[in-house]
Protein chains: 2
Amino acid sequence: MTPPSRRGPEELPPAYGALEARFQRLSHLEGAGAVLGWDWATMMPEGGAETRAAQIATLEVMGHEILTDPALAELVARAEEELASFGPWERANLREMRRKIKRAQALPAELVEAYTKARGRCEMRWRRARAEDDFAGFAEAFEPLLARVRELGTALGDALGLSPFDALIDSHEPGIKVETIDTLFDELGRFLPGFVDEVLEHQAKGPKPLPLEGTFPIEAQRALAHRLMEALGFDFDSGRLDVSEHPFCGGTPSDVRITTRYDEKNFAPGLMAVLHETGHALFELGLPRAWLDQPVGAAPGMGLHESQSLLVEMQVCRGSEFIRFVQPLIKEAFAPHTDVSGRAWEAANLERHYRTVARSLIRVDADEVTYPLHVMLRYRLEKAMLAGDLKVADLPGAWVEGMAEFLGIRPRTDQEGCLQDIHWAVGLFGYFPSYTLGAVAAAQLYDAATRDEPELPERIAQGDFRPLLEWLRKNIHGFGSFHSSAELIRAASGRPLDAAFFKAHLKKRYLT
Amino acid sequence: MTPPSRRGPEELPPAYGALEARFQRLSHLEGAGAVLGWDWATMMPEGGAETRAAQIATLEVMGHEILTDPALAELVARAEEELASFGPWERANLREMRRKIKRAQALPAELVEAYTKARGRCEMRWRRARAEDDFAGFAEAFEPLLARVRELGTALGDALGLSPFDALIDSHEPGIKVETIDTLFDELGRFLPGFVDEVLEHQAKGPKPLPLEGTFPIEAQRALAHRLMEALGFDFDSGRLDVSEHPFCGGTPSDVRITTRYDEKNFAPGLMAVLHETGHALFELGLPRAWLDQPVGAAPGMGLHESQSLLVEMQVCRGSEFIRFVQPLIKEAFAPHTDVSGRAWEAANLERHYRTVARSLIRVDADEVTYPLHVMLRYRLEKAMLAGDLKVADLPGAWVEGMAEFLGIRPRTDQEGCLQDIHWAVGLFGYFPSYTLGAVAAAQLYDAATRDEPELPERIAQGDFRPLLEWLRKNIHGFGSFHSSAELIRAASGRPLDAAFFKAHLKKRYLT
């Protein structure tokens, strides 16, 4: 692919040029909001919360105003007529602009405001309700939010010619519909439950992982994380690593900020979170530099973004080659503080740690084999709630039944059941599937990468991640939203998204 | 004073209510910009600079658009008619709104843009020119910036009925004119040069300060700073302490962020910077909570702000009572790392360190006796440059002559001469006097505080800063911009700003 060039403002046709200027302004507001959000989670003292929330809300409202300005729609109409003189990136950019405008204009300001308020109230209530295992308290704030989400889905759907749920999914996964997800989840639903049985049986025959005991000072964990991030290609001139309650990847593509959390008694989860977020960060850092302030410069969907974090975390960093590479580094990092001479610290044992499968109640702690079952449960329930087929009051019961069906276990409390995730409490519906779309795409893309570059795994074992990063940049990162996620996956791997690769990956890793 | 109440939006008359909503939005933009600026100086990796600068510029432009919206002026006219039903704080708020609108509307957008660009170019050039002692290189970018500053002053002056220099000073010191500053500086000019001679003579007779040698780990310095900030009344639930190249106080009044820099071989300057910035921070933290998102909720001028940092740093923290309090804490903080048993660590020697007077070339390193002379030189030169009486090319020579006249020393390079400060390079004219207005006000206010609360110094010696903070909140902080700086000083001290207190303070501290 030719690196995407960008014409200067003076070379652009007038209407399209004016559009770029307005979307640049929007990207500055969004970027400012991203930094404020990162700061909230990492730096902000508690007393700043109220003002900060108001600042972020104002930036969002002003961004919405940019997108719903009637003059913008006129500029788009005029820019369509200028189309003949456009390059392909400008055309793709105009397409993405239209998409953003259409979605924003579909939503009346009062609905956005009502949704935002209901979301704020419900999130606050959820925090308390989860802590106190109080579903009834949550439901009180969740009912009105769900009503607003339905209105939002209907308004978006009407404007886009989609069903309400399709319209909500489209917010995170442009172009993906319920039908596609249903097909994929049906296939995984036929495969996974039996496969989990097989894996657990297989696992029970092998040796149990020896515990990785010791004290792991935060500074040593941070230094190791830093070293691995650099090895993977993270550029610390354009990003940071910090600490937050929940790991995330934030900031802007020229200043990517990932976070993790450290446990001095258990280094493994914090380190894996760093590797996961580094996958996200490499996508952001690899987006087309010339187009970062325009819609076409952003990633095309959350599933593809998740595919990059899971490709790094699951495909690469839990793979044998990476563990061969990282094992001596782990020992070196902690040797001054902990006895790392025993068998627990051999690569084979680390591998067992990073590949333990278990039926568990909490999604964020789940392994890659059972994770999609957590997602499928949520997808089924949110679909039913949106359609009105499942009443909020019946959610806890439906959750317990679903867990029993998908995973064969039953939560004893709502805290470890339907109150565990923040998503619904902040009005995010249709988002969960992206995690599994990402996992499936990650397997398919890593398969394609290793077919294109057969020496890639061995290079990883040597700590050389350049061939991997080059392949990802060439096939995924560098395109921004020039292509859709589906198109990118097809072009990079030679076929449409296909669960076969994910299934093959799981079989190979967990049954051999 | 009654704590300022605030009426809810639904209780406000319509035009004034609409104004509050617009200014609230402006305050969110400004607050977001403040956080982005803090992040730039403390956290941001270099690669983020370009995008960040663009984000900040966009927030500024959008703030300017709010202030120059013709509908806003109409709202102000209608709000004037609603005035009868207003409380005094609403009236004061409307007055401050008018002030901000008038100043913004005085500036054509093209001039603001030209000024901003010239400023960006000149600042970059200045960084290089200072490093390379290249005045000619600086002058090339400074000439066009100076022209824009003149245009800015003229445009502002025309709108406000002021001379261009008065209009620029008014940006930092509302209501203060050249005339007032001239009178003050004339008085100090008659007093200080001879006084410096006297002090140096007096100082030469006493013992030389013994060096404070040792290693002072950053973590120990930080912990001490934290402890002193808390003692002074800084609330870490509403603020932070971090590191930056140049110490500053930033953030927003509900999330005040101060910075310092640490030197492992010399703890004193970093600590004093913390105390100085804490003075600024206490002002921000004490502003009227109910009005923080409105113009009346902000400090009324830079000089009064500086008076609070200098009151804490110079009046309080270099005073004998504070040194009695802090001496054992300093010893305790560094005892694990350094031998603090010698005579160098006695209070009398610390006092000598914090009160050494010297004729020196660099303003930011100057003591409180010679500091105003540095300011007076700059004020004289910027006045002459603006008026066209001093050509840019003649600035280095005029600087050397001025230094010789005011301080009796001559810089050998422009690096340690007219290139040392960033202010002119970023188009800040009429700002320097605020430092000395602040020093003079600090002496007057501290004198008033100790007359109102005679036990105040002794309480400081015991580490109890509550009487001081309460006096400051009651007399200064809690008013925001309800009164002007001049009115506040007069009300708090019983008389207009008067250099007599500053002179008395210097005589007492440096000649007895």
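In this predicted model, helix H11 of chain A passes helix H16 of chain A in a right-handed crossing. To find the pair, look for residues 302–317 for H11(A) and residues 433–452 for H16(A). Their axes come within 7 Å and cross at roughly 60°. That angle makes H11(A) oblique to H16(A), because angles of 65 to 115 degrees would be needed for roughly perpendicular and angles under 35 degrees for roughly parallel.

So what do the two helices touch each other with? On the H11(A) side, the residues in the contact include Leu304(A), Leu310(A), Leu311(A) and Met314(A). On the H16(A) side, you'll find Leu437(A), Gly438(A), Ala442(A) and Leu445(A) among them. Sort the residues of this contact by class and you get 13 nonpolar, 5 polar and 1 charged.

Now zoom out to the two chains. Two copies of a chain are related by a rotation about an axis and a shift along it.

How many residues of chain B are in contact with chain A? There are 31, and they meet 31 residues of chain A. On chain B's side, the elements giving two or more residues are helix H1 (14–42), helix H2 (49–68) and strand S1 (239–243). By class, that side of chain B has 11 nonpolar, 11 polar and 9 charged residues. Finally, 100% of the interface residues of chain B are also interface residues in chain A, so the copies meet through the same surface.

Note on methods. Residues are numbered from 1 along each chain as its sequence is written. Chains are lettered from A and ligands numbered from 1 in the order in which they are written. This is a predicted model: local features need pLDDT of at least 70, side-chain atom pairs count only at pLDDT 80 or more; totals for chains, interfaces and linings use all residues. Two residues are in contact if their C-beta atoms, placed from the backbone, lie within 7 Å. Helices (H or I, at least four residues) and strands (E, at least two) are DSSP runs, numbered from the N terminus. Ala, Val, Leu, Ile, Met, Phe, Trp, Tyr, Cys and Pro count as nonpolar, Asp, Glu, Lys and Arg as charged, and the others, Gly among them, as polar. Axes are lines fitted to C-alpha atoms, for helices over the stretch in contact, and angles run from 0 to 180 degrees between N-to-C directions. Angles under 35 degrees count as roughly parallel, over 145 as roughly antiparallel, 65 to 115 as roughly perpendicular and the rest as oblique. A crossing is left-handed if the near helix is turned anticlockwise from the far one by less than a right angle, and right-handed if clockwise.
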